[in-house]
Amino acid sequence: MKGDKLNLLQMDSGDILIQQEMGGFTHGMIATGQLAFSHRSNAGSNVTHAGIYDGIGGILEASGKGGLQDAELVTKAKDSKYQVFRLKNNSLLADTAKDWAMKLLAHREESSGFGGYGKGKALKGMFTISNRGSGAKKAVQKLIDDPYTDRAFYCSNFVVECYELAADSHGYGPLIDVDYRKVTPKVLQANLRSSSSWEYIGNYYVT
């Protein structure tokens, strides 16, 4: 996707960052899997990671290397490209999604069974349709009832969970119309691009 080149000052807390694949075995496998199996054709298969901007130069993410973490964007691989999506007209809700991400990261420090990287969950998401059916709605209610139940995460799953919790905190319906348990970066990008609630504001490049 083409767009304006952004600096950190132009990005807002809670913005969703979708990383374009920059090479390497893991990202290459994700891109290949999405190309072969993803059920959304109106998005690029070469987007292989997602996170939430923390408002101060970092990305809140579920990383294959470290599980839940807050990493400085400037430390990411040089020339990495992040597509930046923003929730329209609701900075409070976006801030709340960021706050939930921070709460989940903090809980990882308190619970040894919480916040690792869910490789199996990520793989399952590659092979399943991410429709928001009755099973997904029941899973969301369980998440809302106990956000701190022991579990692992993967990147796009973590992003959607935080926005599910934020929406509930303010009495909103779903803001990302997917099953948070089974969402790939490609499906997340496709949903954000097609939703009237979100806008693509440009790209951030690591220099």
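## Two helices in contact

Val140, Leu143 and Ile144 of helix H4 meet Glu161, Glu164, Leu165 and Asp168 of helix H5, where contact means heavy atoms within 4.5 Å. By class, four nonpolar, no polar and three charged residues make up this contact of H4 with H5. For these classes, Ala, Val, Leu, Ile, Met, Phe, Trp, Tyr, Cys and Pro count as nonpolar, Asp, Glu, Lys and Arg as charged, and the others, Gly among them, as polar. H4 covers residues 134-145 and H5 residues 155-169; their axes come within 10 Å and cross at roughly 75°. That makes H4 roughly perpendicular to H5. Axes are lines fitted to C-alpha atoms, for helices over the stretch in contact, and angles run from 0 to 180 degrees between N-to-C directions. Angles under 35 degrees count as roughly parallel, over 145 as roughly antiparallel, 65 to 115 as roughly perpendicular and the rest as oblique.

The model is predicted: local features need pLDDT of at least 70 and side-chain atom pairs count only at pLDDT 80 or more, while totals for chains, interfaces and linings use all residues. Residues are numbered from 1 along each chain as its sequence is written, and side-chain values use heavy atoms, with hydrogens and water left out.

## The chain as a whole

The protein chain has six helices and seven strands. Helices (H or I, at least four residues) and strands (E, at least two) are DSSP runs, numbered from the N terminus. Along the sequence they follow the pattern β-β-α-β-β-β-β-α-α-α-α-α-β.

Of the 207 residues, 52% count as buried; buried means under 20% relative accessible area, exposed over 50%, and partly exposed in between (1.4 Å probe, protein chains only). The chain exposes about 9700 Å², and carbon and sulfur atoms supply 50% of that area. Accessible areas come from the Shrake-Rupley method with a 1.4 Å probe; for residues, only the protein chains shown count as cover. Among contacts with a separation of 6 or more, 79% are between residues 24 or more positions apart.

## The sheet

The seven strands form an open sheet with mixed pairing, in the order S1-S7-S6-S2-S3-S4-S5. Strands S1 (5-6) and S5 (67-72) stand at the edges with a single partner strand each, so one side of each is left without a neighbour in the sheet. Two strands pair if DSSP finds at least two bridges between them.

Strand S3 (residues 47-53) has seven of its seven residues buried, so it is largely enclosed by the rest of the structure. Strand S2 (residues 16-20) pairs with S3 in the antiparallel sense over five bridges, and Ile16 has Ile52 in S3 as its bridge partner. S3 also runs antiparallel to strand S4 (residues 58-63), joined by two bridges, with Tyr53 opposite Ile59 in S4. Four residues lie between the strands in the hairpin of S3 and S4, where Gly55 takes a positive phi near 90°.

Strands S6 (residues 81-87) and S7 (residues 198-205) form another antiparallel pair, over seven bridges. Here Lys81 has Tyr205 in S7 as its bridge partner.

## Helices across the sheet

H5 lies across S2, S3, S4, S5, S6 and S7, at about 35° to S3. Ser156 belongs to H5 and counts as buried, at 0% relative accessibility. Leaving out residues up to four places away in sequence, Ser156 touches Ala50, Val183, Thr184, Pro185 and Leu188. The C-alpha atoms of Ser156 and Tyr180 are separated by 8.0 Å, with the two residues 24 apart along the chain.

H6 (residues 185-194) has eight of its ten residues buried, so it is largely enclosed by the rest of the structure. The buried residues are Pro185, Lys186, Val187, Leu188, Gln189, Ala190, Asn191 and Leu192. H6 lies across S2, S3, S6 and S7, at about 60° to S3.

## Two loop residues with positive phi

Asp79 is in the loop between S5 and S6. Although not a glycine, Asp79 has a positive phi of about 75°, and it is partly exposed, with a relative accessible area of 46%.

Asn89 is in the loop between S6 and helix H2 (91-108). Asn89 is not a glycine either, yet has a positive phi of about 55°; its relative accessible area is 82%, which is exposed.
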